[in-house]
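I opened this model to look up a few things and kept short notes. The entries are below, in the order I made them.

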Amino acid sequence: MSPFSQYIDHTLLKATATKRDIIKLCEEAKTYNFFAVCVNSSFVALAKAQLIESDVKICSVVGFPLGAMSTEAKAQEAASAIRNGADEIDMVINIGLLKGKDFDGVKNDIAAVKKQLPKNNLKVILETCYLDDIEIIKASELAIESGADFIKTSTGVGSRGASKKDIKLMKSASQGLAKIKASGGIKDAKTALEYINQGVHRLGTSSGIAIVTGEKSEHKDY
């Protein structure tokens with residue numbers, strides 16, 4: 001087993017993903033012993049059916065990719081995903097509220113989702129590509145105050161993915177109170193190891209097979 005496999009959330013979040021693609025994703029996750037698959041909420045039940053007899057977890061994104069939908073919509077999406085078999089939720093922070101300094105709004109948005117999954121991991125996606133250093137630190141703090149189990153760098157849809165600077169800032173802000181997930185642009189074992197050595201607990205990537213086998217990734221996204 002690769003030393004990287006249990007760090008990886010094997011991810012497929014493309015708008016064009018089909019049921020067949022999700023079934024393939026799940027089969028790959030079982031073959032390579034990845035920690036989880038990460039899918040859009042509409043595919044959670046399908047993934048659950050495919051992984052019913054395996055140890056692979058199911059992660060569903062919520063409010064993906066913009067984070068700008070209503071808090072009620074996010075909470076309902078999270079509740080539906082959990083009912084359908086999701087083990088973890090990766091929600092996108094309301095970036096506009098953060099940048100407008102409506103910090104109570106940001107916290108309430110996260111807390112409403114966390115309320116739907118008191119016993120499941122909540123990962124809060126900060127989308128660091130749109131934030132300056134102070135905003136990354138503040139977003140990390142707000143997420144943790146609101147119940148986040150992980151803080152996560154990116155959706156993979158923004159202008160860039162994770163960076164080592166992002167992880168350094170998030171780690172300093174979290175003070176060990178939440179774990180960190182790096183995502184976006186992680187396509188090879190060298191990059192994966194760099195993040196793990198920085199203290200990252202999970203990697204979100206569509207290039208998990210390339211990472212664990214040492215082959216070249218064919219994926220241009222995430």
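**Entry 1, ground rules.** I am reading a predicted model, in which local features need pLDDT of at least 70, side-chain atom pairs count only at pLDDT 80 or more, and totals for chains, interfaces and linings use all residues. Residues are numbered from 1 along each chain as its sequence is written, and side-chain values use heavy atoms, with hydrogens and water left out.

I took helices (H or I, at least four residues) and strands (E, at least two) as DSSP runs, numbered from the N terminus. For burial I used relative accessible area: buried is under 20%, exposed over 50%, partly exposed in between (1.4 Å probe, protein chains only). I looked up strand 4, residues 88–92, and found five of the five residues buried, so the strand is largely enclosed by the rest of the structure. In a regular strand the side chains alternate between the two faces of the sheet. Here Glu88, Asp90 and Val92 are buried on one side, and Ile89 and Met91 on the other.

Two strands pair if DSSP finds at least two bridges between them. Strand 3 (residues 57–62) runs parallel to strand 4, with four bridges joining them. I noted that Val62 has Met91 as its bridge partner in strand 4. Between these two strands the chain passes through helix 3 (residues 71–83), and this β-α-β crossover is right-handed (with the strands pointing away from the viewer, the path from the first strand over the helix to the second runs clockwise). Strand 5 (residues 121–125) is also parallel to strand 4, joined by five bridges; Glu88 stands opposite Asn121 there.

I found Gln6 in the segment before strand 1 (8–12). Its relative accessibility is 37%, so Gln6 counts as partly exposed. Arg202 is 196 residues away in sequence, yet the C-alpha atoms of Gln6 and Arg202 are 8.1 Å apart.

I counted a salt bridge when a side-chain nitrogen of Lys or Arg is within 4 Å of a carboxyl oxygen of Asp or Glu. The whole structure has 17 salt bridges. One of them joins Asp90 and Lys152 at 2.9 Å, N to O. Asp90 is in strand 4 and Lys152 in strand 6 (residues 150–152), so the pair ties together parts 62 residues apart in sequence. Both Asp90 and Lys152 are buried. I also looked up Arg160 and Asp166, which meet at 2.7 Å, N to O. Arg160 is partly exposed at 35%, whereas Asp166 is buried at 2%. Last, I noted one network of salt bridges that share partners: Asp9, Glu88, Asp90, Lys123, Lys152, Lys181 and Arg202.
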